[in-house]
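Let's take a walk through this fold, one local feature at a time. Have the viewer open as you read.

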Amino acid sequence: MSLAPVWFISHGAPDLVLRDRPATRFLSTLRLGELKGLVVISAHWFSRELELNVEPTPSLMYDFYGFPEPLYHMRWPASSPAWLQQAVGDELAVAGWQVSTVRRELDHGVWSPMSLIDPDSEIPLVQISIPVNFTPAQLWQLGETLGRLREQGIGILASGAITHNLRALGPDHSPTAPWAREFVRWLEQMMAQGDKQALLDYRRLAPGAVESHPHDDHLRPLFVALGAARGASPVRLHESWDLGSLYMGAYRFD
């Protein structure tokens with residue numbers, strides 16, 4: 001039996017769902033295939049401890065401000081069945097992770113891309129948090145645990161950003177910042193080579209790392225995906241730039 005895939009998606013600005021951008025069109029045509037379920041990790045849910053969302057029909061969280069009014073009226077009928085929550089919780093518990101359960105809405109790092117990928121919410125999902133104090137190595141280890149769920153037909157989707165410097169954003173069609181291109185080139189090369197140690201030490205080794213991620217919240221989901229991928233090389237599904245320095249790269253690991 002083949003393993004369910006792992007994905008990393010750059011979800012971009014919250015209003016990506018309303019804009020006609022290359023990444024919007026890509027996500028609208030991306031299909032995840034035959035999955036029993038999906039575990040989602042977003043750059044917009046950090047917590048003190050590892051948490052599992054057990055809300056069965058989570059509504060949407062509008063965790064942003066200053067965007068067009070229609071964005072605050074978006075709806076998406078997500079479902080998170082008990083069997084999937086149990087499967088994820090059991091796998092984490094067997095591996096020794098301490099997990100708390102909460103009931104919460106889905107942040108835009110989940111619903112913004114997923115409403116384009118799976119508009120009818122045909123794939124059940126469950127979201128887990130990112131513990132705020134976890135290092136890249138711990139996130140990688142967490143991903144390795146979640147990766148065992150792939151044997152059950154449960155995919156892993158991490159949602160964040162390959163580059164994320166909000167102070168460096170420019171108008172539409174701005175030229176791409178050189179430091180952002182250098183960082184993306186280095187990161188993709190290290191992923192292709194499977195250089196785990198370099199990736200874990202990216203902040204010291206990668207050109208443009210600090211400029212690309214003044215705070216690394218949006219890159220942290222990638223380490224979960226890399227751990228779940230079990231050393232598989234990424235297949236780049238999409239590349240485009242938005243607002244001058246925001247790289248909208250998306251990858252699948254089989």
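How are α1 and α3 oriented to each other: oblique, parallel or perpendicular? They are oblique, since the axes of helix α1 (residues 22-29) and α3 cross at roughly 60° and come within 6 Å. For the wording: angles under 35 degrees are roughly parallel, over 145 roughly antiparallel, 65 to 115 roughly perpendicular, and the rest oblique. The axes themselves are lines fitted to C-alpha atoms over the stretch in contact, with angles from 0 to 180 degrees between N-to-C directions. On the α1 side the contact (heavy atoms within 4.5 Å) uses Thr24, Leu27 and Ser28, and on the α3 side Pro113, Leu116 and Ile117. Sorted by type, the residues of this contact are four nonpolar, two polar and no charged. Here Ala, Val, Leu, Ile, Met, Phe, Trp, Tyr, Cys and Pro count as nonpolar, Asp, Glu, Lys and Arg as charged, and the others, Gly among them, as polar.

A word on where this comes from: it's a predicted model, where local features need pLDDT of at least 70 and side-chain atom pairs pLDDT 80 or more, while totals for chains, interfaces and linings use all residues. Residues are numbered from 1 along each chain as its sequence is written, and side-chain values use heavy atoms, leaving out hydrogens and water.

Helices (H or I, at least four residues) and strands (E, at least two) are DSSP runs, numbered from the N terminus. Strands β3 (residues 50-53) and β4 (residues 99-102) run parallel, joined by four bridges; pairing takes at least two DSSP bridges. Leu50 has Val99 of β4 as its bridge partner.

| Residue | Phi | Loop |
|---|---|---|
| Leu243 | about 55° | between β8 (241-242) and β9 (246-247) |

Ser121 is buried because its relative accessibility is 10%, and Leu243 counts as buried at 16%. Buried means under 20% relative accessible area, exposed over 50%, and partly exposed in between (1.4 Å probe, protein chains only).

Gly153 lies in the loop between α4 (136-147) and β6 (154-160) and is buried, at 10%. Gly153 sits 6.6 Å from Leu3, C-alpha to C-alpha, although the two are 150 residues apart in sequence.
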